[in-house]
Amino acid sequence: MSDLPAWLAVLPLLGVGLWAWRRIHYPSFWLLLGYPLTAISVRASWRRVALGCGLTKKRQRWWFTTVPGLVASTGIVKVKRRFQRVAVDTKPLMWLPLPTRHGWRVTIHTLEGQTPGDYADAAERLAHSWGVHAIRVSSPGPGRVVLAATMRDPLVTVDQLPPSTDLLKVTVGRLETGKPWVIDFRTVPHWLNAGATQSGKSNLANALIVGLAPQPVALVGIDLKGGVEFTPYAPRLSALATCRDEASRLLDDVVALMLDRMGVCRQAAARNVWQLPPALRPVPVVVLVDELAELYLMADKSEKDEIAKTSTALLRVAQLGRAFGIYLFCCGQRIGSDLGPGVTALRAQCSGRICHRVNDPETATMTLGDLDPAALASARAIAAETPGVAIVAGQDGQWYRARSFYVTEQAAEHAAHTHAHLAPSWGEVTAHLSQHDSSELLDA
Ligand SMILES: Nc1ncnc2c1ncn2[C@@H]1O[C@H](COP(=O)(O)OP(=O)(O)O)[C@@H](O)[C@H]1O
Ligand SMILES: [Mg+2]
């Protein structure tokens with residue numbers, strides 16, 4: 001009896017200890033305590049959850065059942081146990097849940113007639129049943145699906161990662177899975193970055209500028225909002241267009257540069273600039289476009305030809321740029337088919353897609369259209385309180401929820417000034433190759 005008060009004192013202490021452990025070092029808390037308890041409860045609740053979410057099937061099984069027998073003279077019904085075939089609900093076979101950085105994942109064998117889509121449809125119901133933030137469904141092979149649960153939204157706070165040192169590769173944020181979000185222009189050369197105002201588009205462009213500024217690349221800006229976004233970064237930019245006229249001339253230059261590089265590659269029997277000997281390899285060019293729609297919007301009929309011209313130039317860069325070291329990163333609030341056929345064609349060439357919070361479903365559809373419908377639903381569910389959160393597709397054909405690191409304009413401006421000496425002038429970028437053309441390559 002005298003032990004009781006002692007126990008009562010220990011309990012709150014234990015509670016505080018566990019709370020502190022969770023606060024101080026969540027990964028070890030999760031691995032040693034949270035995960036085992038969760039795994040047990042997930043396994044134990046699977047029959048109920050599968051039944052509730054409509055993932056079970058009726059199957060005929062031999063089963064011992066009780067059936068009413070004769071009514072005895074006393075009025076009591078005698079029951080008999082009988083071995084007979086009855087229809088029972090069978091649940092899909094679940095393996096042992098495995099811990100992940102932000103939750104757990106488990107492999108499930110689908111029942112006959114089920115597709116991964118059935119599980120994707122039930123994902124929200126599963127998440128609510130298990131009380132987790134989200135369930136993502138993937139299928140590693142026929143007859144199997146993997147359910148990945150995230151306990152809390154990992155994108156509420158995102159910490160900075162070390163910068164990537166590879167050429168044309170920038171770590172811009174973190175994926176929901178906990179892995180780094182990397183934009184690698186050599187794998188995915190052209191990107192569309194869509195989102196409403198205040199959704200985090202410029203923040204992502206800032207992250208790119210900070211990442212690319214120390215690298216030996218030429219950055220080119222097209223900012224038809226009068227240059228308000230990119231002018232502060234001018235020291236690190238090799239060229240900047242702030243009106244349609246300049247943009248048109250700049251894109252003409254870029255196309256000429258591309259054709260020039262094509263000639264160099266042809267003469268050196270290289271398929272792309274990366275196969276050229278290092279001495280001949282031209283500097284990669286990353287073209288950043290802010291407010292893409294401005295390039296396509298027509299104030300009056302007289303602009304029609306000019307728009308058609310810029311649109312064709314941009315499209316040519318998107319079609320052929322990859323092999324010749326010219327890459328596109330286009331940001332826009334609206335990327336709709338109403339902007340003209342040029343946008344639709346450009347979109348088809350941009351395999352990298354980033355969709356921040358958007359106002360109209362059409363922009364989400366245009367940006368992510370050919371992906372899984374779940375990606376669209378996820379894009380529409382991005383909250384205004386979490387700017388920088390986006391749905392990303394590109395690198396591996398999968399889509400992810402991700403959040404960019406917070407990179408202020410000041411940080412990007414600082415990077416642009418610090419690495420200003422690395423910016424080749426536009427004259428250098430465009431002149432360099434014509435020299436090669438006439439001298440070294442003719443000897444080769
Ligand atoms: N990844 C992020 N993390 C935290 N805050 C962000 C992030 N991205 C953007 N923000 C905030 O949202 C605001 C709007 O972002 P911005 O990139 O200017 O949006 P947009 O260019 O789409 O209008 C920024 O001022 C910044 O405070
Ligand atoms: Mg902006």
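Which residues does the UniProt annotation "transmembrane region" cover? I began my notebook with that one. The unreviewed UniProt entry places the annotation on residues 6-22 and 29-46. I kept in mind that I am looking at a predicted model.

**Entry 1: the annotated stretches.** I looked up how the chain is folded there. Residues 6-22 are 100% helix and 0% strand, and the C-alpha atoms at the ends of this stretch lie 25 Å apart. For residues 29-46 I again found 100% helix and 0% strand, with the end C-alpha atoms 24 Å apart.

**Entry 2: strand S14.** Next I turned to S14, which spans residues 326-332. I noted that 7 of its 7 residues are buried. In a regular strand, side chains alternate between the two faces of the sheet. Here I saw Ile326, Leu328, Cys330 and Gly332 pointing one way, while Tyr327, Phe329 and Cys331 point the other way.

Then I checked the partners of S14. Strand S10 (residues 190-194) pairs with S14 in the parallel sense over 5 bridges, and Leu192 stands opposite Cys330. Strand S13 (residues 285-290) also runs parallel to S14, joined by 5 bridges; there I found Val286 opposite Tyr327.

**Entry 3: Leu328.** Is Leu328 buried or exposed? Leu328 is buried, because 27 other C-beta atoms lie within 10 Å, where 20 or more are enough. Setting aside residues up to four places away in sequence, I listed its contacts as His190, Trp191, Val287, Val289, Val317, Ala318, Gly321 and Cys350. I also looked at Leu314, which is 14 residues from Leu328 in sequence and 8.8 Å from it in space, C-alpha to C-alpha.

**Entry 4: Gln333.** I moved on to the loop between S14 and helix H9 (341-349), where Gln333 is found. Gln333 counts as buried because it has 20 C-beta neighbours inside 10 Å. Thr197 is 136 residues away along the chain, yet the C-alpha atoms of Gln333 and Thr197 are separated by 6.8 Å. Beyond its neighbours within four places in sequence, Gln333 is in contact with Gly195, Ala196, Thr197, Glu291 and Ala293.

**Entry 5: around ligand 1.** Which residues come nearest to ligand 1? Of the 13 residues around ligand 1, I noted Gly200, Ser202, Asn203, Pro387 and Gly388 as the nearest. Helix H5 (201-212) and strand S17 (399-404) are the elements that give two or more residues to this shell. H5 provides the largest share, 3 residues. By class, I wrote down 2 nonpolar, 9 polar and 2 charged residues for the shell.

How values were computed
Residues numbered from 1 in each chain as written. Chains lettered and ligands numbered in written order. Predicted model: local features only at pLDDT ≥ 70, side-chain atom pairs only at ≥ 80, totals over all residues. Near = placed C-beta within 6 Å. Helix = DSSP H or I, 4+ residues; strand = E, 2+ residues; numbered from the N terminus. Nonpolar A, V, L, I, M, F, W, Y, C, P; charged D, E, K, R; others polar. UniProt positions renumbered as here; feature names shortened; annotations may be inferred. Buried ≥ 20, exposed ≤ 12 C-beta atoms within 10 Å, placed from the backbone. Contact = placed C-beta atoms within 7 Å. Pairing = 2+ DSSP bridges.
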